[in-house]
Structures are given as structure tokens and as C-alpha cells.
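This briefing is meant for a reader who is meeting the structure for the first time. Please keep the sequence and the model in view while reading the points that follow.

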Amino acid sequence: MTDTPTQLFIGGAWVGAADGATMPVHDPATGEIIAHVSDAGTKDARLAEDAAVEAQREWARTAPRVRSEILRRAYEIILERTDELAHLMTAEMGKPLAEARGEVAYAAEFFRWFSEEAVRIDGGGGVLPDGRNRMLLSRRPVGPCLLITPWNFPLAMGTRKIGPAVAAGCTMVLKPAPQTPLSSLALAAILKEAGLPDGVLNVVSTSRAGEVCEPLLRGGRIRKLSFTGSTQVGRLLLAQCADNVVRTSMELGGNAPFIVFEDADLDVAVDGAMVAKMRNMGEACTAANRFFVHSAVAAEFGRRLAERMGSLVVGPGTRDGVDVGPLIDAAGRAKVEKLVADAVGRGAEVLVGGRTPEGPGCFYPPTVLAGVDPASRLMETEIFGPVAAILTFDDEDEVVRRANDTPWGLVGYVFTEGLDRALRVSERLEVGMVGVNTGLVSNPAAPFGGVKQSGLGREGGRVGIDEFLEYQYLAVPVR
Ligand code: NAP
């Protein structure tokens, strides 16, 4: 896109980094540089923080209806520019255009949802049980927030945080992933066009995340961190938040079990697997990572899944008919290659895929592994690639125990035609979300998030705005 902003967005203005630094953005399908964007340092981050802090007071006093209408307008602009935004996302991240268009719609929906929530923030009150005091409850924005997003859903991870922050009346500094800053900068331009006041959202693209973010978290002026990324980085950031007791929302990694019982409809299970595994080339925190299939149906499930996975077309996301784009970068692909080699070394059978193609771009073929040894490294690592690893089980208690035997707890998938079993197993899974006979749980109207080391808090749904609000309770004597 010729007119996509490439500079930092601070106080409503587009500015270069104070030291003039820029960083390249690559197309993972070709390895070519598609843009250079400003590369913020600590001085720029401080200016962005200043702008957010300065704008906070006035923004908190802005009528909810005004905040709501800004979000609604931004929602409409995003949809009007679906094609443009989808091309931008495919260029910097690699996902096929059809998936990128889907993400644009998903991302926009967070703005529509929170435009509706902005005007429904309520407090409460009444006479306390002792009859001597009244309680007045009001809800107030938590204050300036730092938002840190990953590269895998460049637009939606931004709107999922910005939507509730705007609705609640918080100002923000957004630090996007260095691989995909263009989508976030385009989003900032749209919000400005929709009427967002200067300083409410500031965007600092940077290749120096640690250097730029730590002073903000330790400085005492940022009151909230909303982070989406790996558990490893999340843990580090939680420690940085501790000194000033900064509030946190953490959307971290997953290790999703995908359980297929012997009474499952296998067509439904394979359809679900295609979504749970192949959405975003497997580069999703919700991606099915461990397929537990009952031994009575494992061979047939593996055969059908391999047939479907093997029929997918791999190539640049911009090309017509392509189902699977490149992985984000060479390091991402090398990790997938190593995990597959480890599983195969431990006896897994490759039903389809498994071989890195020649040529440019970070492509990896859809791969199905059967008879995976439970000791394989991919059982305890997010694969983050198009690899389905199948293990077998014989007993319900056994599969629940094995599914829960991980430090993560984001999402699980259960396939069975038995209602009792579906509910019983779902309730026993230690996860924040369960897909019952479906491979897709993400929806802006539902609370997204995990338990255990998959995170703290929820994004989306009625509760999503709570992450950006505080309660204030007034005690008023009854006279
Ligand atoms: P990541 O390495 O943790 O990075 C996420 C973001 O944190 C990036 O913007 C990154 O910038 C930044 N970051 C890294 N170190 C930092 C530091 N010391 N201080 C401040 N910021 C820092 O994760 P990723 O590889 O981009 O994304 C994949 C991970 O995200 C997976 O684990 C996936 O499961 C998770 N994810 C979770 C959800 C969810 O909702 N639960 C959704 C999507 C993705 P740099 O790259 O410059 O370091």
C-alpha cells in the first residue's frame, strides 16, 4: 500500500524515531523488504507515554456515547477498506488473502462490540445491610495502558485491546510485533480518521522491545499492561509490573488438546481439525497441538485428515487458490522442522507432508504424524505450524488426565455425539475455552482467555471491558 503510514504515531502526529532509526518489514513469502518503518527507542516511548498521560484526564471525561461512536465509525471504515487491509496483512504476515479478509471482519467486530459496550458501563449501589450507610459504586478507566501484540493476528490482536480501552476511557501506547507493524499503523490512521482525539492512542513500532517497554512498566505512570504473546515473555513482563503493581491482562501460549471419541462423527471431527489446526497456518494460540484419537477410529481419522491436509495448496498468500501461506520467518520454520524431526526420530509415521520445499519463502507443507510418542518435544511445545500430531487413547479418564498434563490451559476441543460425555469431559478439562464438535471458539462476543500458564483475564465478551475499568465505592451515611 503506497499510503500506509510508516512512522511512529505520537500525540496524533506521524513522526520519525528521535535517532532516525528505521527497521525493515519483510514479506515472508519472498523474503523481500516491503517497507521500512520507524524504529522507536526509549526517548520515543517516553514521548508516547507523555502523550497518553496528558490525554488521559480529558479522555476519561468524554461522554461514553462519543467514545462509542468513534469505535462504530472506525468499525465501518475498517470494513470499507477490507481489501486494502487484507493485502497489507498478507504482505507483512503471509496468511492467504481469504484468511486475511476474515481477520479484517473479525478485527472490526471488536470495535462494533465495544462501541455497544461503551454506553453500558454501569455502577450500582443501595443501602448496606447495617442500614446506616449507602453504597455508591462507580466505574472508572484504569488509566494509561501499554498494549503489546504478537505478529500472528496483526489487526485483530490490536482491536481486541484498543476496542475495550477506548470504550472504557483509557489512553494507550501500543507496541506491535516488529514483523507486522504496518497493520497497527494503518489501524491508528483509521482511528484518527474516525475522530479519536490526539494522544489517546500512540503507536511505537520498535525492534528494541525490552529496552522500550521496561521503563514504561517500571516508570509508575502506565497503570495497565495488556499483553498477548508467549508465556515466556509474559512471565518476564509480569515481574516488571510487580514493582508498581501495574494491572495486567495476559493472553499467553496454548497447548490445545483435540479429543476425538469413538462415537464422534468423523466428518465433523475432520472438519473441526482442519480449522483448529490449519487456521492461520497453525500459527495460532488456539491451534490444536495434540490430537488424542480413540484407538478404534484413529487410523480412519488419520487417513481422512491426511487426505484433506494433503489437498491444500501451499504458496504465496496473494496467489489465487492458495490455502496455506508461508510461516512467519526462517526461525519459525526451523522450529517446526526440528519438532517434526524429533517426533519422527521417536517413531512417528508421516502420513503426509513433512518435507521442507526448495526455493524462497518460509513455506512448510501441511503435515500429519501418526503414532506420535508422548515423549516427543511437540507434546510440550507450541508447534506454531501446519503439523497435526496424532496419539491414541482408550479410556475417558485416561485422555482427560493426559490432556490436562501440561502447564497451559487455553483451549481444548472435544468431539463426541454423546451430550453427557461432551459436557462431562469439557468440564473436566483445565482450560478457559472448549470447542464442542467445532474447531473454532474465537468470537468477539465471547470471553477469550486461558487458565494456568495460558494467562490472566479475558478479552472480548461482556467481561472484556472490565479489564480496563476500576471500581470506586463511596460510603454515604443515611441521615
Ligand atoms: P512473543 O515472542 O512473546 O512476542 C509477543 C510480543 O511481545 C511482541 O510484540 C514482542 O516483540 C514483544 N516482546 C518480546 N519480548 C519483550 C520484552 N522483553 N518486553 C516487551 N515486549 C516484548 O510471542 P510471538 O512469537 O510474537 O507470538 C506468538 C505467541 O503468542 C504464542 O505463544 C501464542 O500462543 C501467543 N498468542 C496468544 C494469544 C492469546 O490470545 N492467548 C493470541 C495470539 C498469540 P519482539 O518480537 O520485538 O520481541
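Two strands are taken to pair if DSSP finds at least two bridges between them, and the description of the sheet below rests on that rule. The model is a predicted one. With that in mind, seven strands form an open sheet of mixed pairing, in the order β14-β15-β16-β13-β12-β18-β19.

**The sheet**

- The edges of the sheet are formed by β14 (349-352) and β19 (433-436), each of which pairs on one side only.
- From one strand to the next, the twist averages 25°.
- Within the sheet, strand β12 (residues 256-260) and strand β13 (residues 288-294) run parallel and are joined by five bridges, and Val260 stands opposite Val293 in β13.
- In general terms, strands of a sheet pair through backbone hydrogen bonds, either parallel or antiparallel.

**Helices on the sheet**

- Helix α11 (residues 330-345) lies across β14, β15 (367-370) and β16 (387-393), and its direction is at about 25° to β15.
- Helix α12 (residues 396-404) also packs on the sheet, where it touches β12, β13 and β16, and its direction makes about 140° with that of β16.

**A pair of helices**

- The axes of helix α9 (residues 266-278) and helix α10 (residues 298-310) come within 10 Å and cross at roughly 50°, which means that α9 counts as oblique to α10.
- The crossing in which α9 passes α10 is right-handed.
- Among the residues of α9 that meet α10 are Leu266, Val270, Met274 and Met278, while those on the α10 side include Phe301, Leu305 and Met309.

**An annotated residue, Glu251**

- The UniProt annotation "active site", which comes from an unreviewed entry, covers Glu251, and this residue lies in strand β11 (residues 247-251).
- Glu251 counts as buried because its relative accessibility is 3%, the limit for that class being under 20%.
- Leaving aside neighbours within four places in sequence, Glu251 is in contact with several residues, including Arg160, Phe227, Phe448, Ser454, Arg458 and Glu459.

**A loop residue, Pro374**

- Pro374 is found in the loop between β15 and β16, and it counts as exposed because its relative accessibility is 53%, where exposed means over 50%.
- Apart from neighbours within four places in sequence, Pro374 is in contact with Met379, Leu391 and Arg402.
- Pro374 and Ala343 are 31 residues apart in sequence, and their C-alpha atoms are 9.2 Å apart in space.

Methods:
Residues numbered from 1 in each chain as written. Predicted model: local features only at pLDDT ≥ 70, side-chain atom pairs only at ≥ 80, totals over all residues. Heavy atoms only, no water. Helix = DSSP H or I, 4+ residues; strand = E, 2+ residues; numbered from the N terminus. Axes fitted to C-alpha atoms, helices over the stretch in contact; angles between N-to-C directions. Contact = heavy atoms within 4.5 Å. UniProt positions renumbered as here; feature names shortened; annotations may be inferred. Buried < 20%, exposed > 50% of the residue type's maximum accessible area, 1.4 Å probe, protein only. Parallel < 35°, antiparallel > 145°, perpendicular 65-115°, else oblique. Left-handed = near helix turned anticlockwise from the far one by under 90°.
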